[in-house]
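Hi,

Here is the model I said I'd pass along. Have a look at it first, and then read on for my notes.

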Amino acid sequence: MKKLSLRTRVLTGAVAAAALGAGTFGAMSANASTPAAATAAVDADTANRNLQQTTHLTVAAATEAAQAALDAAKKENQRVSVAVVDRNGNTVVTLRGDGAGPQAYESAVKKAYTAVSWNAPTSELAKRLEQAPNLKDIPGTLFLAGGAPVQVKGAPVAGIGVAGAPSGDLDEKFAKAGVAALAK
């Protein structure tokens, strides 16, 4: 067997020691005690200025609102899709009514997102495009009537979007029926 130089032996030993040390440190880090981790916790106190409380619809409430909007459309023989998004624009519920067109699903989601993002019905927002036409370029939005915000104390907590009726005014009427169902 060939004899290794002093330099090779020192380098090999240093690498082995570093690997052993890294493994030991990793094992100790993975076994960190609970009290040390708890020191970084923030008290869930509403007076804490570092926290913000938000209100979200439950899945049951979102489903109820979507079904109410779908039922309102069905009473008028309209085939629509309905979407309910939370305050952050995440889709909570979508219902595609019997016979709704393929474009209605995506349009309903975008209308709901737009309504909650600006805390206003999308029919009002569509009028704002005259002063700020670039608003329509914001990804995920649709500035056509058919979206209504759900508010608690004036703050948006969700958006309901309806698409598929022959006019945006009808879509928005059905979306508002979904909002009204939550007030009961």
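**Lysine 153 and the rest**

Lysine 153 is exposed, with a relative accessible area of 87%. You'll find this lysine in the loop between strand 3 and strand 4, and its phi is positive, near 55 degrees, although the residue is not a glycine. Keep in mind throughout that this is a predicted model.

There's a second residue of that kind: asparagine 119, again not a glycine, has a positive phi near 55 degrees. Asparagine 119 follows helix 4 and sits in the loop between helix 4 and helix 5. With a relative accessibility of 23%, asparagine 119 counts as partly exposed.

Now the overall layout. The chain has six helices and four strands, and from the N terminus the order of elements is α-α-α-β-β-α-α-β-β-α. Of the 184 residues, 33% are buried. The exposed surface comes to about 11700 Å², with 56% of it supplied by carbon and sulfur atoms. Among contacts with a separation of 6 or more, 61% are between residues 24 or more positions apart.

On to the inside. The largest nonpolar core holds 21 residues, and the members that touch the most others are Ala66, Val80, Val82, Ile160, Val162 and Phe174. Helix 3 (59-75), helix 6 and strands 1, 2, 3 and 4 each give two or more residues to this core. Helix 3 provides the largest share, with seven residues. Apart from this core lies another one of nine residues, including Ala100, Val109, Ala112 and Ala163. In general, nonpolar side chains in soluble globular proteins tend to be buried together.

Leaving out residues up to four places away in sequence, valine 80 touches Leu70, Ala73, Leu95, Arg96, Gly97, Ala100, Val162, Ala163, Gly164, Ala165, Asp171 and Phe174.

What about glutamine 78? It lies in the loop between helix 3 and strand 1. Leucine 170 is 92 residues away along the chain, and the two C-alpha atoms are separated by 8.9 Å.

Both valine 80 and glutamine 78 also line the largest pocket, along with Gln67, Leu70, Asp71, Ala73, Lys74, Asn77, Arg79, Gly97 and Asp98. The volume of this pocket is about 180 Å³. Its lining is made up of three nonpolar, four polar and four charged residues.

Last, helix 4, which spans residues 102-118. Which of its residues are buried? Ala104, Ser107, Ala108, Val109, Lys111, Ala112, Thr114, Ala115 and Val116 are. Their cover includes strand 1 (81-86), strand 2 (91-96), helix 5 (122-128), strand 3 (147-152), strand 4 (155-163) and helix 6 (168-182).

Cheers

How values were computed:
Residues numbered from 1 in each chain as written. Predicted model: local features only at pLDDT ≥ 70, side-chain atom pairs only at ≥ 80, totals over all residues. Heavy atoms only, no water. Buried < 20%, exposed > 50% of the residue type's maximum accessible area, 1.4 Å probe, protein only. Contact = heavy atoms within 4.5 Å. Core = buried A, V, L, I, M, F, W, Y, C linked by side-chain atoms within 4.5 Å. 1 Å grid on protein atoms, 1.4 Å probe; cavity = no way out; pocket = protein on both sides within 12 Å on 5 of 7 lines; lining within 4 Å. Points joined across faces, edges and corners; volume = space filled by probe spheres on them. Nonpolar A, V, L, I, M, F, W, Y, C, P; charged D, E, K, R; others polar. Areas by Shrake-Rupley, 256 points an atom, 1.4 Å probe, with all protein chains shown as cover.
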